[in-house]
Amino acid sequence: MKAWEATVRKTQAAAKKRANTIFGTSYGVGNVEEENEDQEEEGNTSGEVYHAERFLPNGDYYTGYWAENFPHGYGKYLWTDGCLYVGEWFRGKTMGKGTFSWPSGAMYEGSFKSGFMDGEGMYTGPNGDTYRGSWIMNLKHGHGVKEYGNGDSYDGEWSRGVHEGTGKYQWKNGNCYVGEWKNGTICGKGKMCWTIGNVYEGSWEDGLPKGNGTFKWEDGSFYVGIWSKDLKEQNGTYYPSGSLLERNLEWDPQEVFNTDLKDCKVCPGEKVPIWPSQKKLAVWRSTKGSDSSIRPRRMSVDGRIDAGVDRDFGRMRLSDAATSPSGSVRSGIAGNDSDDGLQLDCVNARGSPLRIPKVVKKQGETICKGHRNYELMLNLQLGIRHSVGRPGPPPSLDLKPSAFDPKEKYWTKFPTEGSKITPPHQSCEFRWKDYCPKVFRTLRMLFKVDPADYMLSICGDDALRELSSPGKSGSFFYLTHDDRYMIKTMKKAEVKVLLRMLNAYYNHVRAFENTLVTKYFGLHCVKLNGPAQKKVRFIIMGNLFCSEYMIHRRYDLKGSTFGRLTDKPESEIDATTTLKDLDLNFIFRLQKTWFQDFRRQVDRDCEFLEQERIMDYSLLVGLHFTEASNDDHTPSGAITPVDNGTSETDSVPRLSRADLDQLLLDPAGWASIRLGINMPARVERTERNDTEIQLVGEPTGEYYDVVMFFGIIDILQDYDITKKLEHAYKSIQYDPNSISAVDPKQYSRRFRDYIFKAFAEDT
């Protein structure tokens, strides 16, 4: 510490002397103290690796190998706050083996990748906790052993920073649990052993016995039955030792919860104040020929320029971005004086700079009084409030077959003056139909939808928004004010398909929590009274792009080529434009474990759709480019400010790059990240060969950091006579493999082949 304090005093004194020239750098630039260092810098701009010592203007200190203004090779970097990294670097990023230590005494020793703790490594916390095992992006992921400072230990599987899978937890008093975990708590099948000889083996939920299980005492007596903290659900039989017939009515199973499990608490995870990838480097530059009007910036150790330091850099093109080992080039930001959009420029990239379309105002037209569908919206809201708010028994996950019967539907009349069960209203008189209400009530519970929030989103004071144009099927789409739910009008044939497959759909989404298929929350019909007797059927489903991140680009991918090119010119494409297969110019790269989960789930979902004779579905993909603008984290639907030198964007709330990293990398923030939702990933730009049609182009080595959203949509089209005729007709004119209307088995195979080429593991 004394040596470090001396170094800090020395570097801060040197920085003070150079204060008048600090702002003469291009960005994050430190000035050299001696003239011979200027000469050395000028003599090593061609990529030569050499040993250097750098006293940086902010007080940081680096010694080690250097190349082209970045740490490159083995070196030591000391931050003024006391953090220290000693190990391998690549182009300014921690990459390879190294040791990172915190002022608190915590230390990580192991593998790094692009600034993250990634690979095999050992972490020692300030309170004595130690973890040895696998890491991905700063989080424990894979197999690992953790020894807690209080004497407890865990040996097993981890996922995104918490216990997940199978593992053994042993308390310091000798008690241990071996079995399944979920999201950091005991959940599933498992066995708990106490040092006194008692054993419980059975089902668990939220760290407590729940469901079927057996508790055995050391004397041979045991209790078998249904376990629950709720006395109403508890049911079982106690068998004393020596007799399997006599029942002891005096023993209370709640003693296990109140006594035996009282001290069996799992230690919480540690809180890390700052991750290695969030530490910023003061980047070195020669001062000759630089613009003195530009202030210095810092760079994070994963190679990104800190977007939250100075908004003035929103218009600056970063022409010296670092290249990754795989040839990727870090994107800079180029502001545009026009309103056409933003542009990400990559140095030494093939092709033109990537243009990110501007984000326009919220999609759709607000349905207010005088709108042609205003009364329909009121009817819909009245019906939803009636259906969801109607009292009933709590839903059970084990539904009877009769609940899925297509005849299970209920009509309710809504007269304008009201009735015993309906309120008076200002709309026209109508009738309301609920399809399979028990099933959809249970689905909402399964998808963790709170009934009050559900009603507030759809039936609150804010109006729905109608999307400007109907889809290809002729259906209209409506969005709730908070973008959480989408309402789609349906044809009678689609309703029949959904009711036919509803039982299989329910079993599928119940079995696979990470399914990518669309989530359905309710199926209803409004019948307007009058001469026309018009019926409007509609489905309520989740909006895949409901997020705090702006969706800069969206794709609808099927794996076919006929008609799969957007007919809009580039200048008219904005953030709400849905692009198609032949517009795609990226490969989506996911972390290894995410990619494996993705492949498994796509296979499961496609097998389910194939069994139900469904085709013409697609994978909807949304991309948020994390370096598209300084305003990385603006609420969904807001306007993306383009920095044009005015003060109009000063009132827009901003989140710095460091804050965004903290949101993504803090284990608490991972609660909102799951397969297809809020997923940090990378995309690699591709180029197509002009001589032939390619669904997936050739990779260029040009990478961008993104947050991804994706899911399988349009799953209600079966291979009926209409689609068979369409296939026969188009096959005469075009290549049968290029059209969408094909047999479900062929469609599933072609869809998966294409998706597994468009998605790849990030190596």
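**Sheets, cores and ring pairs**

Reader: What do β6 and β7 form, and how many residues are between them?
Author: β6 and β7 form a hairpin with 2 residues between them. Ser-114, in the turn, has a positive phi of about 50°. Keep in mind that this is a predicted model.

Reader: How many bridges are there between those two, β6 and β7?
Author: There are 6 bridges, and the strands pair in the antiparallel sense, with β7 covering residues 116–124. Within that pairing, Tyr-108 stands opposite Tyr-123 in β7.

Reader: And β5 with β6, parallel or antiparallel?
Author: Antiparallel, again with 6 bridges, joining residues 93–101 of β5 to residues 107–113 of β6. Phe-100 stands opposite Tyr-108 in β6.

Reader: Which residue in the β5 and β6 turn has a positive phi?
Author: Gly-105, at about 105°. β5 and β6 form a hairpin too, with 5 residues between them.

Reader: Changing topic. In what order do the strands of the sheet with β23 and β24 run?
Author: The order is β23-β26-β27-β28-β30-β29-β25-β24, an open sheet of 8 strands with antiparallel pairing. β23 (365–366) and β24 (409–414) are at the edges with a single partner strand each, so one side of each has no neighbour in the sheet.

Reader: Which helix packs on that sheet?
Author: Helix α4, residues 374–389. The helix touches β24, β25, β27, β28, β29 and β30, and its direction makes about 50° with that of β25.

Reader: How many bridges between β25 and β29?
Author: 5, in the antiparallel sense, between residues 430–435 of β25 and residues 520–528 of β29. The bridge partner of Phe-430 in β29 is Leu-528.

Reader: Asn-379, buried or exposed?
Author: Buried, with a relative accessible area of 0%. Asn-379 lies in helix α4. Leaving aside neighbours within four places in sequence, its contacts include both members of that bridge pair, Phe-430 and Leu-528. Ser-427, Cys-428, Trp-432 and Val-526 are in contact with Asn-379 as well.

Reader: What about the other sheet, the one with β32 and β37: how is the pairing described?
Author: Mixed. 7 strands form an open sheet in the order β32-β31-β34-β36-β35-β33-β37. The edges are β32 (578–579) and β37 (759–761), each with a single partner strand, so one side of each is left open in the sheet.

Reader: In what sense do β31 and β34 pair?
Author: Antiparallel, over 5 bridges, with β31 at residues 553–557 and β34 at residues 618–625. Arg-553 stands opposite Leu-623 in β34.

Reader: Which strands does helix α8 lie across?
Author: β33, β34, β35, β36 and β37. Helix α8 is residues 592–611 and runs at about 145° to β37. Helix α11, residues 744–758, also packs on the sheet, touching β31, β33, β34 and β37 at about 50° to β37.

Reader: How many residues in the largest nonpolar core?
Author: 96, and the residues with the most contacts inside it are Phe-598, Met-708 and Phe-759. Helix α7 (492–511) gives the largest share, 9 residues.

Reader: What is Met-708 in contact with, beyond its sequence neighbours?
Author: Among others, Phe-588, Leu-590, Val-621, Leu-623, Ile-677, Met-679 and Phe-759. Another core, of 44 residues, lies apart from the largest one, and includes Ala-106, Phe-112, Tyr-154 and Phe-215.

Reader: Rings now. How many aromatic pairs?
Author: 43. One of them is Tyr-177 with Trp-181, edge-to-face, at 5.6 Å centre to centre and 80° between the planes. Tyr-177 is buried at 0% relative accessibility, and Trp-181 is buried at 3%.

Reader: Why is the Trp-194 and Phe-215 pair tilted?
Author: The planes are at 50°, with the centres 5.5 Å apart, so the pair counts as tilted. The pair links distant parts of the chain, 21 residues apart: Trp-194 is in the loop between β13 and β14, and Phe-215 is in strand β15. Both are buried.

Reader: Which ring does the charged end of Arg-54 sit over?
Author: The ring of Trp-66, 4.9 Å from its centre. Arg-599 likewise lies over the face of Phe-756, at 4.1 Å from the ring centre.

Terms used: Residues are numbered from 1 along each chain as its sequence is written. This is a predicted model: local features need pLDDT of at least 70, side-chain atom pairs count only at pLDDT 80 or more; totals for chains, interfaces and linings use all residues. Side-chain values use heavy atoms; hydrogens and water are left out. Two strands pair if DSSP finds at least two bridges between them. Contact means heavy atoms within 4.5 Å. Axes are lines fitted to C-alpha atoms, for helices over the stretch in contact, and angles run from 0 to 180 degrees between N-to-C directions. A nonpolar core is a set of buried Ala, Val, Leu, Ile, Met, Phe, Trp, Tyr and Cys residues joined through side-chain atoms within 4.5 Å. Buried means under 20% relative accessible area, exposed over 50%, partly exposed in between (1.4 Å probe, protein chains only). Rings of Phe, Tyr and Trp (its six-membered ring) pair if their centres lie within 6.5 Å; planes under 30 degrees apart count as stacked, over 60 as edge-to-face and the rest as tilted. A charge sits over a ring if NZ of Lys or CZ of Arg is within 6 Å of the ring centre and within 35 degrees of the ring normal.
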